[in-house]
Amino acid sequence: MKRVGIMTTGGDCSGLNTVIQRFAAGAMLRGWRVIGILDGTDGLIPNPPRIIEFNERTLPIENARLAGSILCNGHAGAMNFETSAKCGRLREFNRRLRESLDELKLDALILVGGNGSLSLAWKNKELYSGLQLICVPKTIDLDIPLTDRTIGFDTAVQQLTSYCDQLMLTARSHHRWFVVQSMGRDCGQLALNAGIATGASAILIPEIKFNVDSLIAHIKNAPTDYGIIMVSEGISLRGHSGKPADMIARKLSAAGIANRTAFPEHIQRAGDTTATDRILATCMADAALHAIENNETYVMTAVDGFRCHTVPLSEFFAAGDAVADPNIPELETANAYVSPDDPLLDVAYHSGIYIGEIK
Ligand code: F6P
């Protein structure tokens, strides 16, 4: 009988419980034992490691749509790759992680993580030798190369869209603009998608240069005297520091445009998982189960259009734009960004949205 482990690492998002539930159900159907590791890698540091064993009642189907992870993602500041690298205890951290993995005697480990976690898994691949490592990409940032979608992105777009939809009504009542700062790190996908969905008048993303004077002219000439200006948290403006939404708001105020800022923050990572994210999580869980049966290892589940498959982790890393991770010394993460030929950019432009200096 196989023993398979599953853990959720990095920031949470909606869809984690769906992928856990679908994977555990599929594994139990095959007669495998399913071990849930609590708090991501933090749960592997104590001896014995902090785990739960799944049965049919551990995560009922009706709870699979709920945001967060029943396995949790870890305490802020607890010992993990990031904190131990910062205080020079990475070797000790790795040793304890390996000991726990040996003790758990897993045949396979499902690591549900974002691009930081996946890049770390690839960099520390020897830690996982002797078991099958199958990664499942999740992130609201949609910044993972080689997959069209990541678990949690669609729900985040829905959450941010609904948030802006509400703001639009109060904006109309007061004839003013809301500068909404989206999450997404240095990837503009979340801002771009939710901005189009809510009908934003401008969308500023890190991948595209913008001009403040053009933005102001666009807002002044807009057919309405209210609306949403979506600003991705990753943008910057030369000579300015602080929150991007605040700096854009100051420029608008100086030009006489009445506005307020809004920060939806972690609401973007919560909310009932959308049907699209649930289907994606189900497909990815299914691909992970098949990968175990096919004796694959060091792979990531991915979608290409409607097809879910696995890609080698080495390719995931090689395909991304490797950038230094400011949080983890010596680590490069394999990021993906909005590409200049992303069809949504054209769609936004032709819908009258100021998207930056793309033409
Ligand atoms: O990577 C996911 C993400 O939600 C980013 O979009 C955001 O910048 C960051 O995590 C927030 O992290 P924290 O929860 O540590 O504030």
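Start by selecting the ligand: it sits in the largest pocket. A pocket here is an open set of points on a 1 Å grid over the protein atoms alone, with protein on both sides within 12 Å along at least five of seven lines; "sits in" means more than half of the molecule's atoms lie within 2 Å of the grid points.

Before going on, note that this is a predicted model, where local features need pLDDT of at least 70, side-chain atom pairs need 80 or more, and totals for chains, interfaces and linings use all residues. Numbering runs from 1 along each chain as its sequence is written, and side-chain values use heavy atoms, without hydrogens or water.

Next, select Ile140, Asp141, Met183, Gly184, Arg185, Glu233, His266 and Arg269, the residues around the ligand (a heavy atom within 4 Å).

Now zoom in on polar contacts (N or O pairs within 3.5 Å). For Arg185, the distance from a side-chain N or O atom to a ligand oxygen is 3.1 Å.

Finally, zoom out and colour domain 1 (3-152 + 273-319) and domain 2 (156-268 + 340-350), with bounds from an automatic or database assignment. Their C-alpha centres are 33 Å apart.

Definitions and conventions
A polar contact is a pair of N or O atoms within 3.5 Å; within protein, one must be able to donate a hydrogen and the other to accept it, and residues adjacent in sequence count only if both atoms are side-chain atoms. On a 1 Å grid over the protein atoms alone, a cavity is a set of points where a 1.4 Å probe fits but cannot get out, and a pocket is an open set with protein on both sides within 12 Å along at least five of seven lines; lining residues have an atom within 4 Å of a point.
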